[in-house]
Amino acid sequence: MTEASRSLAHHYHQRTKYFPDALPRGTLNWAEQPDVYKHYPLGSRFDLQGYLRPVEQASDHWWQRLSQFLFHSYGLTAKFTSTTGETVYLRSAPSAGALYPAEIYLISRGTSHLPAGLYNYQVKTHSLVRFWDDHPWQRLQEACFWHPALEHTHLALVTSVIFQRSAWRYQARAYRRVCLDTGHLLGNIDLAASLCDYRPHLIGGFVDDAVNDLLYLNAEEEGAIAVLALADLLQVEQNLPRGCTALPSALSIETVPADDEQLLEALHQVSKITPQPDKSLEQAQLDHPRQLAGSQYAFPFGNNASTKVTAISWGEGLEYLTKAMLHRRSTRRYRGAAMSLDPLRQLLDFTYHPENYSDQGFDAQPDYFDLSLIQTFIVVLGVNSLDTGCYYYDPAATTLRQVRFKHFRRELHHLCLGQNLGRDASVAIIHTANLKRAIERYCDRAYRYLHMDAGHLGQRLNLAATRLGLGVSGIAGFFDDQVNDVLGIPEDEAVLYITTIGVP
Ligand SMILES: Cc1cc2nc3c(=O)[nH]c(=O)nc-3n(C[C@H](O)[C@H](O)[C@H](O)COP(=O)(O)O)c2cc1C
């Protein structure tokens with residue numbers, strides 16, 4: 001048994017798998033659902049609502065950019081009345097079960113507009129609350145091992161998760177979902193930044209307890225999982241090179257809790273980074289992020305299809321991106337019809353080849369933690385001019401390689417826990433990773449990185465599908481081992497996430 005397979009991350013993955021004969025049961029008492037908004041009774045408020053409209057004064061432009069950026073990232077974009085008569089709000093980023101475990105904090109080093117301090121983004125009122133007015137920047141730098149991007153920037157975001165918001169419904173498996181949700185949010189942050197002339201620099205290597213303490217989080221309930229130095233691209237000195245995005249934690253061996261109820265917290269604890277006396281991580285922050293996955297599945301047989309295509313047009317001033325971000329919704333029902341091949345190619349092009357969109361104003365190389373670990377498979381149920389079956393997508397070669405030749409509609413329906421989205425979609429895009437290899441590289445912290453990156457890819461797929469008039473929905477509940485069976489891949493390849501796409 002390798003060390004990686006004795007790690008808690010590995011155990012967590014095995015123990016939170018869904019199996020057809022052992023699905024978690026029980027009814028939900030909605031009256032017990034944790035509040036999805038965080039409240040700060042004290043602190044000064046900064047309204048952002050007024051800046052969603054066009055502003056006249058040049059001095060308001062700074063506020064307008066920040067307001068638009070946060071709104072497109074995580075603002076309230078839809079409202080409906082539930083069966084119990086309650087008003088429910090949905091946000092620009094999707095979330096498993098609409099439970100919204102993620103919070104956004106803004107840290108200011110001190111700018112002429114935003115005094116130094118700690119701020120929470122209050123989604124419901126689209127405002128910032130400054131709940132601490134000290135100078136926290138140096139503590140942030142220290143907690144992030146002096147990441148170079150924090151040297152030149154003046155604002156930083158921290159995304160945290162409140163575990164119980166999701167665990168209340170999904171129990172131990174919620175850790176996967178809070179990381180996937182955060183990944184979607186990171187995807188939105190990245191694209192919203194393109195609209196507002198920011199460039200977020202992703203920092204995955206930080207001393208968790210130091211960032212939690214800095215933000216006064218109750219670490220038993222909430223944990224920071226991503227830090228982003230927010231470069232203002234209108235300031236020349238903030239046009240920075242890409243930096244290191246991921247550092248390892250320690251590896252926990254044989255520390256598995258007996259009780260499933262403690263699994264989530266135990267994994268989060270062991271995947272924390274603690275202060276390093278030897279400065280090795282400080283040095284590692286100078287490393288460059290890794291690129292896309294190399295070709296893993298080079299099968300000699302099967303049909304290949306090129307995915308080269310004309311790029312999606314996002315319009316003058318990215319107007320269609322704005323629309324997609326504000327109107328994106330998870331599709332609740334597909335028609336079961338076939339989609340065309342070119343839109344599928346375009347979805348993949350936008351998601352895996354951001355460099356093809358730099359002339360439209362997008363970042364050519366957005367930050368991920370480590371995309372080299374993630375593989376992409378596509379189950380084709382109905383795409384004109386493409387045989388049904390399973391395909392491996394090789395992004396570097398812009399090629400789809402057929403690996404299985406069957407019609408998988410019935411299997412997909414079943415492995416998505418019988419959800420009709422799985423039966424009626426045109427394609428299911430499935431992200432996987434060799435968990436042992438990932439753990440060898442990042443120890444237990446790999447689990448966070450993999451799921452956040454898969455969510456991030458999922459959000460690009462969501463927005464591209466929205467732009468192309470297709471339906472889209474994520475699915476984080478699936479029979480893990482049966483997905484491997486359908487794809488014909490070894491058990492070491494962990495299934496991270498499924499994005500269904502189809503005709504709405
Ligand atoms: C990680 C993740 C997993 C999801 N899993 C499912 C799922 O299994 N089934 C489903 O119908 N919707 C799923 N969704 C969609 C959510 O239910 C949806 O995002 C939420 O209700 C909010 O609605 P909106 O996306 O339209 O804003 C998932 C979304 C995310 C981000």
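This is a predicted model: local features need pLDDT of at least 70, side-chain atom pairs count only at pLDDT 80 or more; totals for chains, interfaces and linings use all residues.
Figure 1. The space in the largest cavity comes to about 60 Å³. Its lining is made up of L186, I189, D190, P200, L202, L228, D367 and H456. By class, five of these residues are nonpolar, one is polar and two are charged.

**Figure 2. Secondary structure around the largest cavity.** Helix 6 and strand 8 (198-203) each contribute at least two residues to the lining of the largest cavity. The biggest contribution, three residues, is that of helix 6. Helix 6 spans residues 174-195. D367, one of the lining residues of this cavity, also forms a salt bridge with R199, in which N and O of the two side chains are 2.9 Å apart.

**Figure 3. Domain 1 against domain 2.** The domain assignment places domain 1 at residues 36-242 and domain 2 at residues 304-502. The centres of the two domains, taken over C-alpha atoms, are 26 Å apart. About 3,200 Å² of area is buried between domain 1 and domain 2, and carbon and sulfur atoms account for 55% of that area. Seven salt bridges are counted between the two domains.

**Figure 4. The salt bridge of D480 and R176.** The structure as a whole has 21 salt bridges. In one of them, the side chains of D480 and R176 meet at 2.9 Å, N to O. This pair joins distant parts of the chain, since its residues are 304 apart: D480 lies in helix 16 (residues 480-487) and R176 in helix 6 (residues 174-195). Helix 6 also supplies three residues to the lining of the largest cavity.

**Figure 5. The second largest pocket.** The second largest pocket holds about 490 Å³ of space. Its lining has 20 residues, and those closest to the centre of the pocket are A167, Q171, A172, D260 and E261. Nine of the lining residues are nonpolar, three are polar and eight are charged.

**Figure 6. Helices at the second largest pocket.** Two helices, helix 5 (163-170) and helix 8 (263-270), each provide at least two residues of the lining of the second largest pocket. With five residues, helix 5 has the largest share of this lining.

Key: Residues are numbered from 1 along each chain as its sequence is written. Side-chain values use heavy atoms; hydrogens and water are left out. On a 1 Å grid over the protein atoms alone, a cavity is a set of points where a 1.4 Å probe fits but cannot get out, and a pocket is an open set with protein on both sides within 12 Å along at least five of seven lines; lining residues have an atom within 4 Å of a point. Grid points are joined across faces, edges and corners, and a volume is the space filled by probe spheres set on the points. Helices (H or I, at least four residues) and strands (E, at least two) are DSSP runs, numbered from the N terminus. Ala, Val, Leu, Ile, Met, Phe, Trp, Tyr, Cys and Pro count as nonpolar, Asp, Glu, Lys and Arg as charged, and the others, Gly among them, as polar. Domain bounds come from an automatic or database domain assignment. Buried area is the accessible area (1.4 Å probe) that two parts lose on being put together, summed over both. A salt bridge is a side-chain nitrogen of Lys or Arg within 4 Å of a carboxyl oxygen of Asp or Glu.
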